Every structure is written in C-alpha cells, then in structure tokens.
Amino acid sequence: MLPEAASWMHRRTSCSADWPVEALLTAKETTRISVVLPARNEEETVGAIVGAIRRDLVERAPLVDEILVVDSRSTDRTAQVAAAAGAEVVAQDAVLPGEGRMSGKGEALWKSLAATTGDIVVFVDADLRGFSTTYVTGLLGPLLADPEVGFVKGCYDRPLITASGTAEGGGGRVTELVARPLINLHWPALAGVMQPLGGEYAGRRALLERLPFVTGYGVELGMLLDVLQTAGLDAIAQVDLGRRVHSHQTTEALGAMSGQILLTAWSRLQRHGRMLPLEEPATALTQFRRSPGGHDLRVSDVGVGERRPMIEVPEYAAGRRSLLS
Ligand SMILES: O=c1ccn([C@@H]2O[C@H](COP(=O)(O)OP(=O)(O)O[C@H]3O[C@H](CO)[C@@H](O)[C@H](O)[C@H]3O)[C@@H](O)[C@H]2O)c(=O)[nH]1
Ligand SMILES: O=C(O)[C@H](O)COP(=O)(O)O
C-alpha cells in the first residue's frame, strides 16, 4: 500500500460510534441535511428504512431535514410504501423532464440532486435489511465535524446470504473481484477505501453538484474517482458502519454491473489523462479482514509475468519433450 494511502486510512477512518447524534445536532447549526433513497421495486424494505430515519432522526432528534425516495421506474408498490412511511417520493422521470430520460441508479441519484435542497446529501440504498440509523449519523459525522471533508463512504462487513446459509465476508463480489483490483491497479491512492461500491455515502452539495454522474451502476466508482480528481484524497473520509445485509443479485446481473464498472474506469482513465503517457500499473492489492481491533490489511503482489511462446523455447522447438518431466 502506498504510504499516502496508509496515512489517509489512519487519519480519515472512523466508526459510527464516534458520531453520537447529540454531537451531530450541535455541529449541524443551520446545515440542511437530505437523505436520498434510490429505489426500484423495493416495496419489501424501503418502508422500514424510511420509517427508522423518520423516527430517530426527524422526530426524536431533528437532524435530517428531508427524506426523498426516488422511484426508479418501480412496477411494485415502492412509491406508496415509501410515502406511507413518511418520505417525499418523486418519480425519476418526473424530475427535470427537459433533460430527457436515462436509466439506472446513477440517473436516479443525479435527479435527486435537483429534487432536494440539503447542503449535505446522504445516499442510502433502499434494499437494506436490518438497517440502523447509525448508518446516517455515521456518514454525517466527518462532514459536520470537518469542513475539509467533502465526501464520506461507508464501509462494513458484507455477508453473502443464500438459501443454503450465510457466508460471512462472502458478499460484495463485484467489489472484491472487479472494483478493488481495478482501483489498486490504476488508483492505488484509493486502496484504503474499503467499500468503493457501497451504496451508503454522503457528500456536500457544493461538491456533488460539480460532478458528472455516470448512469447505471457506474455511479459509485465514477463519483469516487471524480472526487479524488477534483477535491483530492483528503476530501474523502470513510466510516465503519458495522454490517450490511442487502438483496443479492444474480451472478449474471453482477456480470452486467461489472461491465459498467469497467466502462466507468475506462472513461476516467481517458478523461483524467492516465492513459497517455501510459503509467506503469501498480501491482499491490490491498484487501481487508475484520479483526478485533478494526481491520487487518493484507497486501499481496498481483503482478503477472510473461513467458514467450513455447515454440520460441529452443529445447521445445527441437522436439526434446523429455525436458518436460
Ligand atoms: O435502475 C435502478 C437500479 C437500482 N436502483 C436502486 O439502487 C439501489 C442499489 O441497487 P442494487 O441493485 O441493490 O445494487 P447492488 O447489487 O446492491 O450493488 C452495489 O454496487 C452498486 C455498484 O456500485 C451500487 O450502485 C449499489 O449501491 C451497491 O449496493 C437499490 O436501492 C435499488 O433499488 C435504482 O434506483 N434504479
Ligand atoms: O457491491 C457489490 O460488490 C455487488 O453489489 C455484489 O454484492 P453481493 O455479492 O453482496 O451481492
């Protein structure tokens, strides 16, 4: 891991328990806070999430000023359930109709900026199970405490829950198999960001409104890379939110998500001028394991070598196959 990345992790990582709601209320002053949930067919889960935020962070403690659910072309009762739980609900396609209709989660988030007024916007996926409002308070902590912080990512343990059981640490498959190796390769300064694709994060409007948003599932990677490019590593913080359980997509759907992640990375490599001249790619891969004191880092070298075609090996070309044994 680069010294810069290790130092960032040390300085900019906290956990949700570090940010009690009472301290946040004091720090909030006149800052308006919006919570946004993008939702496509989440009638089973969206109500409990909205209800918890409304109860804990609007009624019990006046921290959150608005809760917006962006209905992303749901065909179920997502909009009704969210409204009944106390959220304002807008249809993705009804916002800024003059801008036309694009698709996916990134489109819903982009539209949400136009449909909210908060100085700080907190994004929370609508498919979470066992949601706690400490997700929201945790994400707000670094932003309310430090004006230098502009963007906060959540991190958590991610189980993979299937009909045959629960594999702790088995979730986040696109993160582990695609995004993390890609980030370590081309953006090693971000190697300490534990959940680069996580859907729970918060940012200052003044920063978010100056970023392009990738549509679909490229939105998180694009945003993280664009924040790094425009505001620098120190503007980013991460908060350990504990454990995250969500609805898993099929492997096939995750393949499509991976394609969007790769395309997003490609576009940022081009746009941020990292292709020319071609930089030597970093070969260190940093992974994380939960430990009693936080997280253990495991850095391995994923560098690959290259062998010449076998036919160019003289012994082989001469037919001396006995050398194979
Ligand atoms: O067209 C869409 C698709 C999804 N969603 C919502 O976006 C959230 C996350 O979508 P989901 O399909 O559950 O994504 P995951 O499989 O959980 O993907 C992970 O990785 C993605 C890529 O970085 C992130 O966008 C997600 O937040 C993150 O949880 C959910 O509330 C969805 O309802 C929309 O609003 N519109
Ligand atoms: O964030 C990810 O990597 C994808 O959403 C896949 O997550 P899952 O493996 O927990 O379904």
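Student: Which residue follows α4, and what is its phi like?
Tutor: Please keep in mind that this is a predicted model. The residue after α4 is G86, and its phi is positive, near 110°.

Student: Which residues of helix α4 are buried?
Tutor: Helix α4 covers residues 78-85, and its buried residues are T78, V81, A82 and A85. Seen down the axis of α4, these buried residues fall within an arc of 95°, so they line one face of the helix.

Student: Why do residues three or four places apart point the same way?
Tutor: An α-helix has 3.6 residues a turn, so residues with that spacing point the same way.

Student: What do the buried residues of α4 pack against?
Tutor: They pack against β2 (33-39), α3 (46-60), β3 (66-71) and β4 (88-91).

Student: Let us turn to the ligands. Which residues come nearest to ligand 1?
Tutor: Ligand 1 has 19 residues around it, and P38, S72, A126, L197 and G199 come nearest. The elements that give two or more residues to this shell are β2 and α5.

Student: Which element gives the most to that shell around ligand 1?
Tutor: That is α5, with 3 residues.

Student: How does the shell around ligand 1 divide into nonpolar, polar and charged residues?
Tutor: The shell around ligand 1 has 7 nonpolar, 6 polar and 6 charged residues.

Student: And which residues surround ligand 2?
Tutor: Ligand 2 is surrounded by R158, L160, G171, G172, R173, V174, T175, L197, H248, Q249 and L254. By class, this shell has 4 nonpolar, 5 polar and 2 charged residues. Helix α7, residues 173-186, supplies the largest share of the shell, 3 residues.

Student: What does UniProt place at residues 34-129?
Tutor: An unreviewed UniProt entry places the feature "domain: Glycosyltransferase 2-like" there. In the model, the chain over residues 34-129 is 36% helix and 23% strand. The end C-alpha atoms of that stretch are 21 Å apart.

Student: Which residues in the largest nonpolar core touch the most other members?
Tutor: That core has 79 residues, and V50, V69, V122, V136, L140 and A202 touch the most other members.

Student: What does A202 touch?
Tutor: Not counting residues up to four places away in sequence, A202 touches I120, V121, V122, F123, L139, L140, L143 and V152.

Student: Back to backbone angles. What is phi of E29, and where does E29 lie?
Tutor: Phi of E29 is near 45°, a positive value in a residue other than glycine. E29 lies in the loop between α2 (21-28) and β2. It has 7 C-beta neighbours inside 10 Å, so E29 counts as exposed.

Student: Where is V95, and what does it touch?
Tutor: V95 is in the loop between β4 and α5 (104-115). Leaving out residues up to four places away in sequence, V95 touches V90, K111, A114 and A115. V95 counts as partly exposed, because it has 17 C-beta neighbours inside 10 Å.

Student: Where is M102 found?
Tutor: M102 is in the loop between β4 and α5. Leaving aside its neighbours within four places in sequence, M102 is in contact with E107 and T215. M102 is partly exposed, with 15 other C-beta atoms within 10 Å.

Note on methods:
Residues are numbered from 1 along each chain as its sequence is written. Chains are lettered from A and ligands numbered from 1 in the order in which they are written. This is a predicted model: local features need pLDDT of at least 70, side-chain atom pairs count only at pLDDT 80 or more; totals for chains, interfaces and linings use all residues. A residue is buried if 20 or more other C-beta atoms lie within 10 Å of its own, exposed if 12 or fewer, and partly exposed in between; C-beta atoms are placed from the backbone. Helices (H or I, at least four residues) and strands (E, at least two) are DSSP runs, numbered from the N terminus. The arc is that of the directions from the helix axis to the C-beta atoms. Two residues are in contact if their C-beta atoms, placed from the backbone, lie within 7 Å. A residue is near a molecule or strand if its C-beta atom, placed from the backbone, lies within 6 Å of it. Ala, Val, Leu, Ile, Met, Phe, Trp, Tyr, Cys and Pro count as nonpolar, Asp, Glu, Lys and Arg as charged, and the others, Gly among them, as polar. UniProt positions are given in the numbering used here, feature names are shortened, and annotations may be inferred rather than shown by experiment. A nonpolar core is a set of buried Ala, Val, Leu, Ile, Met, Phe, Trp, Tyr and Cys residues joined through C-beta atoms within 7 Å.
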